[in-house]
Amino acid sequence: MLITCPSGLSFHARTWKIKDRRTLHDRRILRQGLLLRKMLECVDQGVESPGPYPFETGKKVNWAKVALTDIIDALIDIRIASKPDLDYNEVCENCGAQTPLTINLAELER
């Protein structure tokens, strides 16, 4: 899939796979604050257009040099492309009852 960030950077990405969970559970990565960047490194398949960044077309993105807004936007777009519905339970503050809710992330205003 082609992901385009607000800055103009666009890159090819694949969906996350079960084996990518190792990254999500690596405590060293969590302590260093690198989780978002590492999540994108797992799925990055090469630059289509570098936008304002000094990257080469066809090579992987150097996520350490990408603005946080582009990183977050890319993660959201990959999630929308792979699984747009977010299911969760809303808990009533008064009685504690749980109400299952589904939000279509593609419909969120950004």
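Reader: In which helix does Glu 41 lie?
Author: This is a predicted model, and the numbering of its helices runs from the N terminus. Glu 41 falls within a helical element of the chain, namely helix 3.

Reader: Is Glu 41 buried, partly exposed or exposed?
Author: The relative accessible area of Glu 41 is 32%. Buried means under 20% and exposed means over 50%. Because 32% lies in between, Glu 41 counts as partly exposed.

Reader: Which residues does Glu 41 contact, leaving aside its neighbours within four places in sequence?
Author: The C-alpha atoms of Glu 41 and Trp 63 are separated by 7.3 Å, with the two residues 22 apart along the chain. Contact is a matter of heavy atoms within 4.5 Å. By that criterion, and with the sequence neighbours set aside, the partners of Glu 41 are Lys 60 and Trp 63.

Reader: Which elements give two or more residues to the largest nonpolar core?
Author: The largest nonpolar core has 18 residues, and among those with the most contacts inside it are Leu 40, Val 61 and Trp 63. Two or more residues of this core come from each of strand 2, helix 3 and helix 4.

Reader: Which element supplies the largest share of this core?
Author: In soluble globular proteins, nonpolar side chains tend to be buried together. Here the core holds 18 residues. Its largest share amounts to four residues, and these come from helix 4.

Reader: Is Leu 68 buried or exposed?
Author: Leu 68 is placed in helix 4, and its C-alpha atom is separated by 9.1 Å from that of Arg 37, 31 residues away along the chain. The relative accessibility of Leu 68 is 53%. Because the threshold for exposed is over 50%, Leu 68 counts as exposed.

Reader: Where does Ser 10 sit, and is Ser 10 buried or exposed?
Author: Ser 10 belongs to strand 2. Its relative accessible area is 6%. Because the limit for burial is under 20%, Ser 10 is buried.

Reader: Which residues are in contact with Ser 10, leaving aside its neighbours within four places in sequence?
Author: One group of partners of Ser 10 consists of Leu 2, Ile 3 and Thr 4. The list for Ser 10 also includes Val 47, Glu 48 and Ser 49. Taken together, Ser 10 contacts Leu 2, Ile 3, Thr 4, Val 47, Glu 48 and Ser 49.

Reader: What separates the C-alpha atoms of Glu 48 and Phe 11?
Author: Glu 48 is part of strand 3, and its contacts include Ser 10, Phe 11 and His 12. Glu 48 and Phe 11 are 37 residues apart along the chain. Their C-alpha atoms are separated by 4.8 Å.

Reader: Which side chain does that of Glu 48 join in a polar contact of 2.6 Å?
Author: Glu 48 is partly exposed, at 39% relative accessibility. Its contacts include Leu 2 and Thr 57 as well as His 12. The polar contact of 2.6 Å is between the side chain of Glu 48 and that of His 12.

Reader: Is Arg 14 buried or exposed?
Author: Arg 14 lies in the loop between strand 2 and helix 1. Contacts of Arg 14 beyond four places in sequence include Met 1, Asp 20, Val 43 and Ile 78. Because its relative accessible area is 16%, under the 20% limit, Arg 14 is buried.

Reader: How many nonpolar, polar and charged residues line the largest pocket?
Author: About 160 Å³ of space lies in the largest pocket. Its lining is made up of Trp 16, Lys 17, Ile 18, Asp 20, Arg 21, Leu 24 and Met 39. By class, that gives four nonpolar, no polar and three charged residues.

Reader: What pattern does the protein chain follow along the sequence?
Author: The chain has four helices and five strands. Read along the sequence, their order is β-β-α-α-α-β-α-β-β.

Notes
Residues numbered from 1 in each chain as written. Predicted model: local features only at pLDDT ≥ 70, side-chain atom pairs only at ≥ 80, totals over all residues. Heavy atoms only, no water. Buried < 20%, exposed > 50% of the residue type's maximum accessible area, 1.4 Å probe, protein only. 1 Å grid on protein atoms, 1.4 Å probe; cavity = no way out; pocket = protein on both sides within 12 Å on 5 of 7 lines; lining within 4 Å. Points joined across faces, edges and corners; volume = space filled by probe spheres on them. Nonpolar A, V, L, I, M, F, W, Y, C, P; charged D, E, K, R; others polar. Core = buried A, V, L, I, M, F, W, Y, C linked by side-chain atoms within 4.5 Å. Polar contact = N/O pair within 3.5 Å; in protein donor to acceptor, adjacent residues only side chain to side chain.
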